[in-house]
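Here are some notes to read beside the structure. Please keep the 3D view open while going through the points.

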Amino acid sequence: MKKKRKFLLFSCFTIFFFFFKIKFFNSLFANFNKRNQTGVLTHDIVLNHLISIDHPEKPERIIELIKLLKKKKLGILIREINLKTKEKNWVKTIHSNYHIKSLKSKYPIGEKSSLTAVKGCLQGIDEIMKNKHKNIFCAVRPPGHHALNTGKHEGFCFYNHIAISAKYIQSKYKLRKILIIDWDYHHGNSTELFFYNDPSVLFFSTHDANAYPRTGSPDRTGSGKGKGFNVNIHLPCGTTDKKIISTYENILVKRANIFKPDFILISAGFDSRKDDPLGCFDISDKGFKTLTTIALQIAENHCNGRLLSILEGGYNLEGSAKAAVTHVETLNNFYKNI
Ligand SMILES: [Zn+2]
């Protein structure tokens, strides 16, 4: 009888202990996850490239952004891009040998900076796919969405980082449908070009079609099998939060729900923010918070939150840093609220 009681007591204790232990580790794990949704990837190499003194696309764009992230206690998210990431063959999925060779010989420092950005993007995708992070922001320069195969940089861009990323996701991870959202003030003409016939990439761009490179007409909707998968929205000077948010809510969300992406990439240009020396939109940091939330909601509804965001333009040093940090903050806080 005594033995039986002892056994019962021991069993109760064991069950209680294991239950408590599981609960404890679950809550610990949940808290850990809550703290580490987002990663920010960058590297000092991207600070070396200089087009000319007083050029708006300058290293301070990244320096100010990183400084503000640290000030806002988000420095914990920042990690260095692993330079050992193999990118060579992936760059060739978009760019010709002529272009690569020409950039390397004409602008070795700029080319290396853009190549480091590519490495960061590929690393970011790997980390998302390994569930190390829910989403990643690449704080890199130069921008990439105007890069063609002309053997020179176009609109400050050398390689198209986002286009290479899309090819990488499709080939390495066999995820077919990629949604590219481009909210830079300028049209992502290169991204459009490389996927114009391709129904596996939905390209959604909001921009001022009257600005450089003067492309991005809403009439350009794709061709062949890619017809209908290129969405250009021209927005005029003075575009407000209300206008751009309603465009995303009414057009992007609907298109994305039909397309059902497997992965989302953002060409995150902040020259569409108010007070940018190269843009004329009137979008506030709060506006970027909403755009980011819309993208996150689409990612959560369709692809388990998989989202990589890559810095494009943004030339008001203080303003762009504020908008980018709001973007990162929103990426990182999203899962705490659902
Ligand atoms: Zn731009």
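1. What share of the contacts in the protein with a separation of 6 or more comes from residues 24 or more positions apart? The share is 77%. Two residues are in contact if their C-beta atoms, placed from the backbone, lie within 7 Å.

2. This is a predicted model, in which local features need pLDDT of at least 70, side-chain atom pairs count only at pLDDT 80 or more, and totals for chains, interfaces and linings use all residues. Residue numbers start from 1 along each chain as its sequence is written.

3. The protein has 10 helices and 8 strands. Both are DSSP runs numbered from the N terminus: helices are H or I with at least four residues, strands are E with at least two. Of the 338 residues in the protein, 46% are buried. Buried is used for a residue with 20 or more other C-beta atoms within 10 Å of its own, the C-beta atoms being placed from the backbone.

4. Strand S4 (residues 178–182) has 5 of its 5 residues buried, so it is largely enclosed by the rest of the structure. Ile178, Ile180 and Asp182 lie on one side, Leu179 and Ile181 on the other. S4 runs parallel to strand S5 (residues 201–207), and 5 bridges join them; two strands pair if DSSP finds at least two bridges between them. Leu179 has Leu202 in S5 as its bridge partner.

5. Strand S3 (residues 135–138) is also covered on both faces, with Asn135 and Phe137 buried on one side and Ile136 and Cys138 buried on the other. S3 is joined to strand S1 (residues 38–42) by 4 bridges, and the two run parallel. Here Ile136 is the bridge partner of Gly39. S3 also pairs with strand S8 (residues 307–311), in the parallel sense and over 4 bridges, where Cys138 stands opposite Ile310.

6. Helices H5 (residues 108–129) and H6 (residues 161–173) pack at an angle of about 40°, their axes 10 Å apart. That makes H5 oblique to H6. Axes are lines fitted to C-alpha atoms, for helices over the stretch in contact, and angles run from 0 to 180 degrees between N-to-C directions. Oblique covers what is left after under 35 degrees (roughly parallel), over 145 (roughly antiparallel) and 65 to 115 (roughly perpendicular).

7. Where do H5 and H6 meet? Ala117, Val118, Cys121, Leu122, Ile125 and Met129 in H5 meet His161, Ile164, Ser165, Tyr168, Ile169 and Tyr173 in H6.

Technical notes
A residue is buried if 20 or more other C-beta atoms lie within 10 Å of its own, exposed if 12 or fewer, and partly exposed in between; C-beta atoms are placed from the backbone.
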